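Welcome! Please take a moment with the sequence and the model below, and then we will walk through them together.

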Amino acid sequence: GLRMEILLQTPELLKRIARYHTPGSLKIAPEHSENDLLSLMHKEPHSLLQEFVARCREIGRESGKKVLLTPYVITSHPGSTVEHSRRMVRSMKKLDLQIRKFQDFTPTPGTLSTAMYVTGRQPGSKKPLFVPRNQTERTKQREIIEKGYKEQSALYSRHNKRAPERP
């Protein structure tokens, strides 16, 4: 995925990528929409995604080319609950982003996220942290994302089957 914070700092590069080097959709990796989880992941706040989407839509209007964005997200990260997944689906729908690319968190040796997964504690504060460890907990979060995708796909399909508006 593209580094949204860097592209926002280099607007001409973003314009060139969106206008001339994107035959389909731009792949971006916000990874989540909930700021408490983004903080645990050491990612930028959700407002950065909102700003990036707005800028891409503006570039699309200026160039007459719709800029499609495909977000990649992670489910079941330490700290993530079913409610986080529900809110993420709502946030992405509000931005008119369709979650097509997602995966469950997989512990990787040597990372802070894996340390959180193993200990069930937040780094620094050592406060207890919910960790979706068993398959039932992980599946619930995944199903929320999958259901949101299916609903949004159906809406998108219906919307695009309408006859084009006449000038």
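What follows is a short tour, from the overall layout down to single residues.

This is a predicted model, in which local features need pLDDT of at least 70 and side-chain atom pairs count only at pLDDT 80 or more, while totals for chains, interfaces and linings use all residues. Residues are numbered from 1 along each chain as its sequence is written, and side-chain values use heavy atoms, with hydrogens and water left out.

Let us begin with the whole. The protein has 7 helices and 3 strands; both are DSSP runs numbered from the N terminus, with helices (H or I) of at least four residues and strands (E) of at least two. Starting at the N terminus, the order of elements is α-α-β-α-α-β-α-β-α-α. Of the 167 residues, 42% are buried, where buried means under 20% relative accessible area, exposed over 50%, and partly exposed in between (1.4 Å probe, protein chains only). The protein exposes about 10200 Å², and carbon and sulfur atoms supply 53% of that area; the areas come from the Shrake-Rupley method with a 1.4 Å probe, and for residues only the protein chains shown count as cover. Among contacts (heavy atoms within 4.5 Å) between residues at least 6 apart in sequence, 74% join residues at least 24 apart.

Now look for the sheet. The 3 strands form an open sheet in the order β1-β2-β3, with parallel pairing; two strands pair if DSSP finds at least two bridges between them. β1 (25–31) and β3 stand at the edges with a single partner strand each, so one side of each has no neighbour in the sheet. From one strand to the next, the twist averages 15°. Helix α4 (residues 46–63) packs on this sheet, where it touches β1 and β2, and its direction makes about 165° with that of β1; axes are lines fitted to C-alpha atoms, for helices over the stretch in contact, and angles run from 0 to 180 degrees between N-to-C directions.

β1 is mostly covered, with 5 of its 7 residues buried. Its parallel pairing with β2 (residues 68–75) runs over 5 bridges. I28 has P71 in β2 as its bridge partner, and K27 stands opposite T70 in β2. L68 also belongs to β2 and is partly exposed, at 34% relative accessibility. Leaving aside neighbours within four places in sequence, L68 is in contact with G24, S25 and L26. L68 and G24 are 44 residues apart in sequence, yet 7.0 Å apart in space, C-alpha to C-alpha.

Which two residues form an aromatic pair? They are F105 and Y117, in a tilted arrangement with 5.9 Å centre to centre and 45° between the planes. Rings of Phe, Tyr and Trp (its six-membered ring) pair if their centres lie within 6.5 Å, and planes under 30 degrees apart count as stacked, over 60 as edge-to-face and the rest as tilted. F105 lies in the loop between β3 (101–104) and α6 (112–119), and Y117 in helix α6, so the pair ties together parts 12 residues apart in sequence. F105 is buried, at 7% relative accessible area. R133 lies over the face of Y117, 5.3 Å from the ring centre; a charge sits over a ring if NZ of Lys or CZ of Arg is within 6 Å of the ring centre and within 35 degrees of the ring normal.

Finally, visit two loops. S76, between β2 and α5 (82–94), has a positive phi near 65° although it is not a glycine, and is buried at 0% relative accessibility. K126 is not a glycine either and has a positive phi of about 65°; K126 lies in the loop between α6 and α7 (135–160) and is exposed, at 53%.
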